[in-house]
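Please consider the protein shown below.

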Amino acid sequence: KVRMLARPEGSHSEWRRVGRHRRTGKFYWYGTDYSTALRHKGKLSGSMEKNDENIAAFQKWARRRGLVVKTEVIKESRRKQFVAFMKSEIGTTEVPLGSNRGPRVDWYRKATTLWPSMQSGWPWCAAFVVRGLLEAGYDLDNDLRTASVANFTAAARKRGAIVSRKPKAGDVVVLLGPGKHIGGSLGGSQTVEGNTTPDGMYGSQYEGTAVARKDRSDDDIIFVIDPDKLVR
């Protein structure tokens with residue numbers, strides 16, 4: 001796998017990941033308006049198979065837009081990248097609190113098929129997981145790019161990805177009840193979850209306002225999902 005990155009020529013020096021549109025297969029920054037993408041401070045998903053055709057297509061796309069291209073060979077496993085993503089997002093909060101919205105939260109939500117048909121605030125724990133898996137290079141089918149914990153679980157079960165073991169770092173975990181809440185595992189009882197409340201603070205565990213590192217009991221963990229079994 002390689003990750004293709006692009007940036008505008010000139011003084012703007014921040015590199016950003018570039019993904020592919022899930023329906024058309026075309027490369028994109030974010031949405032359809034490049035100027036909007038440029039203002040977006042989040043990283044955009046974009047790993048792909050390393051072959052001359054893919055790289056040439058991306059370079060052609062970038063040249064049309066006056067972008068400078070950089071190619072990175074992905075050395076870490078997708079699982080490790082998922083863990084790194086989760087850790088990097090700890091502390092993200094809704095803006096305003098209680099809205100299920102915010103620049104970063106909306107970026108998570110845009111990873112799901114529920115966007116853009118429903119842009120008003122809705123619970124985003126599954127969107128956080130989906131965005132993290134995409135950022136790690138997992139090429140998820142549309143039934144996995146869901147904002148529904150129940151639907152994600154059903155799609156995982158269909159692929160035989162629900163496993164009977166203790167969570168390992170990089171697993172996805174369904175929490176607090178079937179279809180109720182979802183997050184990622186750092187191994188054992190440690191998780192990172194979106195749309196929750198940090199430990200030691202008052203608030204909902206499955207309809208909170210932040211990305212937080214949590215310490216969950218065995219009873220809290222309902223299903224363990226192996227992300228490597230979610231994709232072909």
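Which residue of E9 does Leu175 stand opposite? Leu175 stands opposite His181. The model is a predicted one, in which local features need pLDDT of at least 70 and side-chain atom pairs count only at pLDDT 80 or more, while totals for chains, interfaces and linings use all residues. Residues are numbered from 1 along each chain as its sequence is written, and side-chain values use heavy atoms, with hydrogens and water left out.

Helices (H or I, at least four residues) and strands (E, at least two) are DSSP runs, numbered from the N terminus. Strands E8 and E9 pair in the antiparallel sense over 4 bridges; two strands pair if DSSP finds at least two bridges between them. Their hairpin has 5 residues between the strands, and there Leu176 takes a positive phi near 70 degrees. E8 also pairs with strand E12 (residues 221–225), again in the antiparallel sense over 4 bridges, and Val172 stands opposite Ile225 in E12.

In a regular strand the side chains alternate between the two faces of the sheet. In E8 both faces are covered: Val172 and Val174 on one side, and Val173 and Leu175 on the other, are all buried. Buried means under 20% relative accessible area, exposed over 50%, and partly exposed in between (1.4 Å probe, protein chains only).

Lys180 lies in the loop between E8 and E9. Lys180 counts as partly exposed because its relative accessibility is 38%. It touches Val149, Leu175 and Tyr206, not counting residues up to four places away in sequence; contact means heavy atoms within 4.5 Å.

A nonpolar core is a set of buried Ala, Val, Leu, Ile, Met, Phe, Trp, Tyr and Cys residues joined through side-chain atoms within 4.5 Å. The largest such core has 36 residues, and Phe128, Leu133, Phe152, Ile182 and Leu230 have the most contacts inside it. The elements giving two or more residues to this core include helix H5 (125–135), strand E8 (172–175) and strand E9 (181–187); H5 gives the most, with 8 residues. A second, separate core of 5 residues includes Val163, Val173, Leu175 and Ile221.

Helix H3 has 12 residues (78–89), so at 1.5 Å a residue it should span 16 Å, and its end C-alpha atoms, 17 Å apart, agree with this. The expected span is 1.5 Å times one less than the number of residues. The buried residues of H3 include Phe82, Phe85 and Met86. H3 is followed by Gly91, whose phi is positive, near 100 degrees.
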